[in-house]
Amino acid sequence: MAKIGDIDVGEFPLLLAPMEDVSDPPFRALCKEQGADVVYTEFISSEGLIRDAAKSVMKLDIYEKERPVGIQIFGANLDSMLKSVEIVEASGPDIIDINFGCPVKKVVSKGAGAGILKDIDLMVSLTEAMVKHTKLPITVKTRLGWDHDSIKIVEVAERLQDAGAKAIAIHGRTRAQMYKGNADWRPISDVKNNPRMHIPIFGNGDVDTPERAMEMKEQYGLDGAMIGRASIGYPWFFKEVKHYFKTGEHLPPPTIEERVYAARRHLQMAIDWKGEKLGVFETRRHYTNYFKGIPHFKDYRTKMVTSDLPEDVFAAFNEVESAFKGFEFV
């Protein structure tokens, strides 16, 4: 059984990855219902938090039904990170996660996210200071290294553990790779198999089928899988993986009625949480996957992603449900 600090997260937990404009409360709720064991917020700027920026503060919203839930923050300035820990603590999460892996240029250029992979000493000292500043378990999400020539993840993970990190999630790519090529889980396995390591090591990157999740568990021996892109517009992925682990068989894919119901709920919860304009806009990225496999879906998708009015999007959902009633997904 994996434990993050004193939190029992089960045998080979499935974690919803922190994803910008994706892992918000509405989507986290859907994933939790479908079997996600731990969910993480979108990453939050420490500088935004201490400046009381509205968008950053809004991301602190968490709900009891999500637990255990982690709030993820990023930054490279020690004072800002420590102040943000205090702000995050007040929101009552179960876990505080540090983002040392985001490869996006606007984050990296400030020395944060994956940018800190160029300064491992700073990465470790930030972690240690944050561990000492809170009673909540501190976890870390990172990448293999800055580039192929600087992969020292076994040593880095040891140092992060020694600094007090209670779990580490590792994306199997370098920053230089961004999201291209294939994730390499072998170095993550090397971290797990290091006899000095005693905290959970979670794998991330390219877990896009139940078989791949099983491979991460059985072949690479990791403690859990962090699921990112495979869950976007498809919260059922967590349930499907767990069913496969239990039975060795695939669940039938969700029906058109189940997909439309989830999409409706998702949009309505997003509107209720962030308002009509933002709710409609930020839910658009999910529709392709909600309805993946439907023939000639382009016209319906266009209606869903171009309208600013929720009633038009709901009407498009109704059209799809009516037009494809009984359609068999494969």
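Is Asp121 buried or exposed? Asp121 has 51% relative accessibility and therefore counts as exposed (over 50% relative accessible area; buried is under 20%, partly exposed in between; 1.4 Å probe, protein chains only).

This is a predicted model, in which local features need pLDDT of at least 70 and side-chain atom pairs count only at pLDDT 80 or more, while totals for chains, interfaces and linings use all residues. Residues are numbered from 1 along each chain as its sequence is written, and side-chain values use heavy atoms, leaving out hydrogens and water.

Select Arg159 with Asp121: their side chains form a salt bridge at 2.9 Å, N to O (side-chain nitrogen of Lys or Arg within 4 Å of a carboxyl oxygen of Asp or Glu). Arg159 lies in helix H7 and Asp121 in helix H6, 38 residues apart (helices are DSSP runs of H or I, at least four residues, and strands are E runs of at least two, numbered from the N terminus). Arg159 is partly exposed at 27%.

Next, select Lys274 and Asp24, a salt bridge at 2.6 Å, N to O. Lys274 is in helix H11 and Asp24 in the loop between E3 and H1, 250 residues apart. Both residues are buried.

Contact residues include Leu267 of H11 and Phe314 of H15 (heavy atoms within 4.5 Å).
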